[in-house]
Amino acid sequence: MFGKKTEFAQYKFLVDGLTDEILKKRVETSLRFYITKANKYRRRDAVLGTASIIMPAFATFAAAAASFYEEQYPSLDLAVPVITLIATVIAGVIAHFKFSEKKDNYRNLAESMKSEVAMYECRAQKYSAEKAESEDQARDIFLQAVEKIIEDGYRKSRELEMAESEKNTT
């Protein structure tokens, strides 16, 4: 990661353009949170997804090796059930914790936030002079849009968590 900026650092210029300090902190905190969470779940999804592909292939290899080296390594017969067990647990963890869905949710929230800030900074679409009669009105529209993104994010996160906990109770 030498010389490479983090995703938040690459988009910090958008947040830095906001003049209202409270609004700036609200957007900065939310955007940093969404990016961090999206990256965390992306890594988990990638590692476990890769393991869920490799483990069954490795079990097949172990089964072949167990039959070929049956005399020399009798304990190799245990490798296949152990590897299969690990692969099954990994698949269960992936399904239960919904890393991919969480990654997508946080990624969408981060992109929505970046897009909204960029539109506001550029005074585009609903923030244009034709749509917003004053700077205060544009700021109010922006504040409502930011809060809606945050609210939608909480709602979707709760839905994912509830689906997760419902699986625990059934």
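This is a predicted model: local features need pLDDT of at least 70, side-chain atom pairs count only at pLDDT 80 or more; totals for chains, interfaces and linings use all residues.

Biologist: Where is the place of Phe58?

Modeller: Phe58 is in helix 2, which covers residues 21–68.

Biologist: Which residues make the nonpolar surface patch?

Modeller: Phe58 makes it together with Ile53, Ile54 and Phe61. The patch is about 460 Å².

Biologist: Switching to charge. Which residues gather in a patch of positive charge on the surface?

Modeller: Lys4, Arg42, Arg43 and Arg44. Arg43 sits in helix 2. Its relative accessible area is 46%, so Arg43 is partly exposed.

Biologist: Now Phe13. Buried or exposed?

Modeller: Exposed, because Phe13 has a relative accessible area of 54%. The cut-off for exposed is over 50%. Phe13 lies in helix 1, residues 7–16.

Biologist: How are the C-alpha atoms of Phe13 and Thr29 separated?

Modeller: By 14 Å. Along the chain, Phe13 and Thr29 are 16 residues apart.

Biologist: Last one, Lys102. Buried or exposed?

Modeller: Buried. Lys102 has 6% relative accessibility, and buried means under 20%. The residue is in helix 4, residues 99–122.

Biologist: What does the side chain of Lys102 reach?

Modeller: The backbone oxygen of Phe97, at 3.3 Å.

How values were computed
Residues are numbered from 1 along each chain as its sequence is written. Side-chain values use heavy atoms; hydrogens and water are left out. Patches are made of residues with over 30% relative accessible area and no salt bridge: like charges are joined within 9 Å, nonpolar side chains (Val, Leu, Ile, Met, Phe, Trp, Tyr) within 5 Å. Accessible areas come from the Shrake-Rupley method with a 1.4 Å probe; for residues, only the protein chains shown count as cover. A salt bridge is a side-chain nitrogen of Lys or Arg within 4 Å of a carboxyl oxygen of Asp or Glu. Helices (H or I, at least four residues) and strands (E, at least two) are DSSP runs, numbered from the N terminus. Buried means under 20% relative accessible area, exposed over 50%, partly exposed in between (1.4 Å probe, protein chains only). Lys and Arg count as positive and Asp and Glu as negative; His and the chain ends are not counted. The place of a charge is taken as NZ of Lys, CZ of Arg, CG of Asp or CD of Glu. A polar contact is a pair of N or O atoms within 3.5 Å; within protein, one must be able to donate a hydrogen and the other to accept it, and residues adjacent in sequence count only if both atoms are side-chain atoms.
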